[in-house]
2 protein chains.
Amino acid sequence: MSSLVNRQIVLNAHPVGAPVDTDFALVEGPVPAPGDGELLVRTIYLSLDPYMRGRMNPGPSYAKGVDVGDVMTGQTVGQVVTSNHGGFAEGEFVLSANGWQEYAVSDGQGVRKLDPTVAPISTAVGVLGMPGMTAYVGLLDVGALKDGDRVVVSAASGAVGAVVGQIAKIKGCHVVGVAGAQKKCDYVTGELGFDACVSHYSDTLDEDLRAVCPDGIDLYFENVGGKVFEAVVPLLNDFARMPVCGRIANYNMTELPAGPNEVPKLMGLVLVRRLMIRGFIVFDHVARQPDFIRDVGGWIRSGELKYREDIVEGFENAVGAFQGLLRGENFGKLLVRVSDDSTRQE
Amino acid sequence: MSSLVNRQIVLNAHPVGAPVDTDFALVEGPVPAPGDGELLVRTIYLSLDPYMRGRMNPGPSYAKGVDVGDVMTGQTVGQVVTSNHGGFAEGEFVLSANGWQEYAVSDGQGVRKLDPTVAPISTAVGVLGMPGMTAYVGLLDVGALKDGDRVVVSAASGAVGAVVGQIAKIKGCHVVGVAGAQKKCDYVTGELGFDACVSHYSDTLDEDLRAVCPDGIDLYFENVGGKVFEAVVPLLNDFARMPVCGRIANYNMTELPAGPNEVPKLMGLVLVRRLMIRGFIVFDHVARQPDFIRDVGGWIRSGELKYREDIVEGFENAVGAFQGLLRGENFGKLLVRVSDDSTRQE
């Protein structure tokens, strides 16, 4: 075992703005040996998610950041190579947070077994994992979705947005997506069944959105910030709710936008229209996991809820894939296939 | 009756910025005669409230605005002069929305009788009226006050803020007020029992507030906007809640403040700290009126909750008093005594 190489991607520098290649470093070392009560896991899929950009910043946030020299954090789907742990057997598939590396040793804490006969193992970091649950609690609990709500979802073809919109459709709402490329918009309306989708690439985004929201917006699921947020706000109805899940368009921002300070205008609307804006993080809602698995798992089995994965081949391509994610280039839940997935029939 | 004069204050022009004298006009006409099923009411108290500034603007808002030439709207406490209405008798005291005028005819719709032996009739537009109930529902329902919350209240000596802070104290919270003049700060801590109060006149407001909020802020009751809001935001704890009741510092704003657009920064904090910002208007919470009357009425009788009125004598002084209200010059619930209150022992 110790003759094998373990490749890791570590933070080389805190990025200023968009992360560049030299903010990361690919390092090689020996595959670690599991001690008593430990297991060695080979990474099959590395999940790439927008929140990781925040972890690369210095300074305090809601979760511990990555220090320079540390392996980049992230959720992984893997297979047990060696186990000295009574709870895990060689060959079992597991969900863990091993980060951007090919192998990791674990004491089993926080490791969850995956049954490949129930759902594809990759879904444990996607539609049946953190992104799916983010959509579920954000829409239903934080956003308090109501019958007949007119819903707008940004990043609509993404890992979270696609689930948000489909749940809202299942609940009988009118759903408009915002996405980038035309193929994503087509997917959102054609495959996922949203009522409409507008592109944030359009020079007339404000008008485009207004045209497909003739009755305004009751719930905006905020994934992106930036100009989509600006286009949405004027259309919010009285008592509209805005669960704030992410602000990906702003993650690489190094200075505040020029122009007058619009906070008083936003807060004035909050008052007059009785808006509710609430940030949330899925980890604060773990108690809802059984409901999430029951509902979303059921909708997937019944075919009511679809999902799409964007799988990048090869660990060495993780940095480029992550950079593309922050530019909105992925199409579906972004994963890096780090090693072979023997469970997959394609 | 018809020989008596009815003075009215009407909107003469939509203000640009702070309302000036010529935005109002005092007009005189005959006292109207009540028809069948109607009653004539003499105004005793006119309530002056910050929301009235919004009603003076053209264009749609959550409530119908005042058109040029219309009598300014407002709640009034009055006495029935003549009644052709089976439900009301001459001499009875009533709460109604007769606006800025000395007399008004009503068909009885929305008129509520007041018993001067239960509470001073003036409280029907103050601590036991709309401002008190705004405090009650804003703090308990919209803000979801929790045990041990560290609460900050702006406009702390005002009609709403004073009730917010006292309820939070009754509920066992740590309460900091923000007010203007030193006498108001002294009143807030000395009379109302807040734990601390800082002045927004201070050049070091940010530092002053931080010093008295060493454990941050869990609930900010937003009455004022402006620099108080800016001082509060950085101190908000994870899961802090901000019921947005008013933005009085911004009501006269004619242009957005210079400087970069701070919306992305605010929304970034909303996400990372999982803040909840929610605007509300008391009229959306009428179902809570019985609870409000029971609780706040009880606290007043037990002496746990105090209130202060700022009574300006003479109808002709209403405009000046309202202008002062928007500058924060009132000290307690602002009322205009339009005519004699025979129930009052002073």
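Let's start with helix α4 of chain A, residues 182–190, where A:Lys184, A:Cys185, A:Tyr187 and A:Val188 are buried (buried means that 20 or more other C-beta atoms, placed from the backbone, lie within 10 Å of the residue's own; exposed means 12 or fewer, and partly exposed is in between). Helices here are DSSP runs of H or I with at least four residues, strands are runs of E with at least two, and both are numbered from the N terminus. An α-helix has 3.6 residues a turn, so residues three or four places apart point the same way. The face turned away from the buried side of α4(A) carries the exposed residues A:Gln182, A:Lys183 and A:Gly190. On the buried side, the helix packs against α3 (161–170), β9 (174–179) and β10 (196–199) of chain A, where contact means C-beta atoms, placed from the backbone, within 7 Å.

A word on what you are viewing: this is a predicted model, in which local features need pLDDT of at least 70 and side-chain atom pairs count only at pLDDT 80 or more, while totals for chains, interfaces and linings use all residues. Residues are numbered from 1 along each chain as its sequence is written, and chains are lettered from A and ligands numbered from 1 in the order in which they are written.

Now move to chain B and its helix α9 (residues 318–326), where B:Ala318, B:Val319, B:Ala321, B:Phe322 and B:Leu325 are buried. Their arc is only 165° around the axis, which puts them on the same side of α9(B). Among the partners of these buried residues are β1 (5–11), β2 (24–30) and α1 (51–55) of chain B. Just after α9(B), look for B:Gly328, with a positive phi of about 75°.

Finally, compare the two chains. Chain A can be laid on chain B with an RMSD of 0.0 Å by a turn of 180° and a shift of 0.0 Å along the axis, using a least-squares superposition on the C-alpha atoms of residues with pLDDT of at least 70 in both. The two copies are thus related as by a two-fold rotation axis. Within chain A, the C-alpha of A:Asn261 comes closest to that axis, at 1.9 Å. The copies meet through the same surface, because 100% of the interface residues of chain A are also interface residues in chain B.

Key. Two residues are in contact if their C-beta atoms, placed from the backbone, lie within 7 Å. The arc is that of the directions from the helix axis to the C-beta atoms.
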